[in-house]
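Biologist: Hello! Could you take me through this model, one question at a time?

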Amino acid sequence: MKKGKIVLFSSEEDPSDTLRPKCERHGADLSQIYVYPEPFELNSDGLVTVEEVLSSLSPVALVVFDTLQNYFGGKDMNKVNEVAEVMTAIQSMAKRFSCAVICVRHLKKGADKANYRGMGSIGITGAARSEVLLGSNPKNTAELAMIHTKSNCAPYGQSLGFKIEKGVLIPTGPTALTADDLMALNLSGSEERSALEEAVEFLIESLRYGKVPAKKIQREANEVGISERTLKRAKKEIKVECNKVGDQWFWSIPSGPKNEEGQLSHVAPLAPFPVLAPLNGSDDENQGIFNMGTV
């Protein structure tokens, strides 16, 4: 991959209390990472926004949409023609700016093979040059793996294991886990795990890095087919903590030493983000991008 800036389109994760700590814990060069936190739809106007962002920061090496479904707006991710419109536009943008693009998706509930488990139409997988599945071993949720499930332009990469300790991803080397292992298709005669087990695993994965807005968790649980009742049972099962900050509720898993403010002690204090000039030259639209570094 060429050297250049990284642009993260993320309308859910807060740049200061979520994204920056993750980058800091992994030793990232914050001066090269930019976040565009405003929501938009990947229609003709949205693509103009993307191109303006990339042009203003050139050269850009990597663009990330996290998560992809947040940028479909009124389009139906399950309709092949509407998916094709968005994915073709993303491909054209990547070619124009000679950059790599990562589209993050959640998994939907079901017993399909890995390539069919991503949210939305299989057309998203079809448009991608490469697809990677990240997940945990259902028999040991602390054992995580990255599995290459599609590759059009190169040989398949080796499956790699990793673990997460105090919010830091630590490689553990090659793994024998397969995509079907992560999908739990090899358990109990390929039967699905119970709804409660799935909900517990969902919460553990979602809250692994720390507190998350309750509404975000509830929305994503609904997207992957977890009912409100089952989510509440799972929340009680693993003793999820609920704390209100301002007018927003956050969920977290009670683990690790905490400081006087109740935050996990390994999370570094945050410096303010400088705001670059809005892309449209006016503050009225509040269309700014945040640089992850300090002034």
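Modeller: Gladly. Helices (H or I, at least four residues) and strands (E, at least two) are DSSP runs, numbered from the N terminus. Residues are numbered from 1 along each chain as its sequence is written. This is a predicted model, where local features need pLDDT of at least 70, side-chain atom pairs count only at pLDDT 80 or more, and totals for chains, interfaces and linings use all residues, while side-chain values use heavy atoms, with hydrogens and water left out.

Biologist: Thanks! Where does Thr-67 lie, given the cis peptide bond from Asp-66?

Modeller: Most peptide bonds are trans. The bond from Asp-66 to Thr-67 is cis, with omega near -5°. As for its place, Thr-67 sits in the loop between β3 and α3 (80-97).

Biologist: And what is omega for the cis bond that joins Ser-58 and Pro-59?

Modeller: Pro-59 belongs to the loop between α2 (44-57) and β3 (60-65). The cis peptide bond joining Ser-58 to Pro-59 has an omega of about 5°.

Biologist: In what order do the four strands of the open sheet come?

Modeller: Two strands pair if DSSP finds at least two bridges between them. The edge strands, each pairing on one side only, are β5 (130-137) and β8 (168-174). Pairing in this open sheet is antiparallel, and the order is β5-β6-β7-β8.

Biologist: Which residue is the bridge partner of Val-132 in β6?

Modeller: β5 pairs with β6 (residues 140-151) in the antiparallel sense, over eight bridges. For Val-132, the bridge partner in β6 is His-148.

Biologist: Does Lys-166 count as buried or exposed?

Modeller: Lys-166 lies in the loop between β7 (160-165) and β8, and its phi is positive, near 50°. Buried means under 20% relative accessible area, exposed over 50%, and partly exposed in between (1.4 Å probe, protein chains only). Because its relative accessibility is 60%, Lys-166 counts as exposed.
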